[in-house]
Amino acid sequence: ADRSFGAVTPGSQMQAPQPRRPLRALFVHSRFPSRFEHLAPALAERVGVQVVTMGEADAPRLPGVRQHLHYAPPRPTPDQTHTYLKPLDAAVRRGQAAASRMIEARDKEGLAPNIVICPAGSGEALYVKDIFPQARVLQLCDGYEDGQDPASGPAPSTDTRARLRTRNAAQLLALEAADWGFAPTEWQRGRYPDWARRRITTIPEGIDTARCTPRANLPFRTPAGREFRKGDKVISFAARNLEPHGGIGPFLGALALMQKEHPDLQAVVVGDGNIPHGAKPDSLDLSRIHLTGALPQDSLHALFRVTAAHIHLTEPPTLSRSVLEAMACGAVVVASDTPPVTEAIAHGENGLLVPFGDTAAIARAVLGVVADPDGHAHLAEAGRQTIIARHDLYGICLPRQLELIERVAAGHVAEQE
């Protein structure tokens with residue numbers, strides 16, 4: 001079933017719901033603007049809408065946003081806290097900090113939202129209904145963990161499952177008080193319990209396809225000054241943090257094999273942090289690896305335009321924004337055959353899929369692309385067309401998010417199967 005807009009109340013299918021006006025929206029995210037960078041100003045552009053935002057720090061005033069409120073970051077969870085309870089403790093502390101600022105703004109500044117948009121899992125949403133009981137609450141749902149990750153490795157231990165069950169407590173408390181939610185992939189939506197899933201709409205991550213676009217003859221320069229151009233024997237790997245679940249181990253294992261076969265191959269690795277201990281094979285030639293740390297968006301896009309192949313290896317639970325941007329920029333993507341990656345990439349159609357931990361298969365696939373770029377160019381073109389058709393920020397995703405906000409605010413949503 002098409003869950004792009006969520007279910008609607010009987011009789012409303014043939015016409016758009018009467019929008020709620022005035023609409024007073026509050027966006028809350030500890031790292032605002034984060035995932036709401038485009039959505040908040042797009043909503044603020046609408047007639048009769050006022051938008052206020054909130055986060056743990058000051059943020060640049062987004063176009064049309066009336067006011068940005070910030071609250072002090074919560075104190076760290078004490079070391080002696082039970083391991084299972086640390087995520088819940090952190091969420092409660094963040095929820096309290098956000099709630100205190102909401103109460104202050106309500107009582108002293110007249111803050112009275114009739115819809116609040118916030119993440120479900122990190123604590124900001126916990127006490128919204130207690131402060132604004134008449135407001136509708138729409139939550140971003142993308143981090144429920146059920147221990148059923150189908151990637152490589154042994155089945156989770158009982159201890160791991162127990163830890164994950166407890167970790168979900170804050171999110172379940174927040175969802176119980178939510179009116180609706182939205183998830184970026186159907187796989188992420190499907191992990192939630194049935195009672196919550198029926199009130200979650202799937203809306204894909206939006207990509208600015210005008211900004212993320214192929215551009216010929218423009219180089220990429222590493223922070224150290226090394227320059228690469230389209231046609232060079234260079235591959236890329238990107239992750240927010242260079243952690244095991246982001247695939248850095250399998251990538252480096254495959255890279256060691258590729259370096260033996262291809263003595264001129266260079267690799268650019270993007271991501272915060274250091275390579276984890278034990279992830280570097282002894283045979284790896286570090287002189288041909290360019291660690292950049294996190295890159296500005298324009299630099300990252302420049303890398304995607306020149307790379308011979310972009311490698312994306314991830315265990316669940318998320319579909320990285322970077323792999324979607326790589327596809328939009330015209331890169332040939334070699335990715336792990338894991339959900340939710342498989343919602344965006346079909347093997348041999350718009351990219352190549354490989355088993356997450358199979359270093360030999362990863363190396364074969366990447367070297368095949370490097371050796372025959374023309375023979376794989378159709379994958380790059382199809383990848384970009386996939387992003388335009390399913391993930392275009394301004395043509396598809398933002399309009400769907402805005403319509404969902406209007407429907408939730410007006411009460412025109414109903415539970416779905």
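Trainee: Among contacts between residues at least 6 apart in sequence, what share joins residues at least 24 apart?
Mentor: In the protein chain, 67% of those contacts do, where contact means heavy atoms within 4.5 Å. Please note that this is a predicted model, in which local features need pLDDT of at least 70 and side-chain atom pairs count only at pLDDT 80 or more, while totals for chains, interfaces and linings use all residues. Residues are numbered from 1 along each chain as its sequence is written, and side-chain values use heavy atoms, with hydrogens and water left out.

Trainee: How many helices and strands are there?
Mentor: The protein chain has 13 helices and 15 strands. Both are DSSP runs numbered from the N terminus: helices are H or I with at least four residues, strands are E with at least two.

Trainee: And how compact is the chain?
Mentor: Its radius of gyration is 22 Å, close to the 22 Å that the globule rule gives for 417 residues, so the chain is as compact as a globular protein of that length. The radius is taken over C-alpha atoms, and the rule is 2.2 Å times the number of residues to the power 0.38. Along the principal axes, the C-alpha atoms fill a box of roughly 65 × 50 × 40 Å.

Trainee: How much of the chain is buried?
Mentor: Of the 417 residues, 51% count as buried. Buried means under 20% relative accessible area, exposed over 50%, and partly exposed in between, using a 1.4 Å probe and protein chains only.

Trainee: Let us turn to the sheets. In what order do the seven strands of the open sheet stand?
Mentor: The order is β3-β2-β1-β4-β5-β6-β7, with parallel pairing. Two strands pair if DSSP finds at least two bridges between them. The edge strands are β3 (67–70) and β7 (200–202), each pairing on one side only.

Trainee: What holds paired strands together in general?
Mentor: Strands of a sheet pair through backbone hydrogen bonds, either parallel or antiparallel.

Trainee: Is β2 largely enclosed or largely open?
Mentor: Six of the seven residues of β2 (residues 49–55) are buried, so this strand is largely enclosed by the rest of the structure. Strand β1 (residues 23–28) pairs with β2 in the parallel sense over six bridges, and leucine 23 stands opposite valine 49 there.

Trainee: Which strands make up the six-strand sheet?
Mentor: That open sheet has the order β12-β11-β10-β13-β14-β15, with parallel pairing. β12 and β15 stand at its edges with a single partner strand each, so one side of each is left without a neighbour in the sheet. The twist averages 20° from one strand to the next; axes are lines fitted to C-alpha atoms, for helices over the stretch in contact, and angles run from 0 to 180 degrees between N-to-C directions.

Trainee: What do the bridges look like around valine 334?
Mentor: Isoleucine 311 stands opposite valine 334 in β14, and valine 334 has leucine 352 in β15 as a bridge partner. Three bridges join β13 to β14, and three bridges also pair β14 with β15.

Trainee: Which strands does α11 lie across?
Mentor: Helix α11 lies across β10, β13, β14 and β15, running at about 160° to β15. Its buried residues include Ala361, Ile362, Leu367 and Val370. What covers the buried residues of α11 includes β10 (234–241), α8 (248–261) and β13 (309–312).

Trainee: What about histidine 376, buried or exposed?
Mentor: Histidine 376 is buried, with a relative accessible area of 17%. This histidine lies in the loop between α11 and α12 (377–390). Leaving aside neighbours within four places in sequence, histidine 376 is in contact with Val332, Leu352, Gly368 and Val369.

Trainee: And glycine 278, buried or exposed?
Mentor: Glycine 278 is exposed, with a relative accessible area of 72%. This glycine sits in the loop between β11 (266–272) and β12 (289–293).
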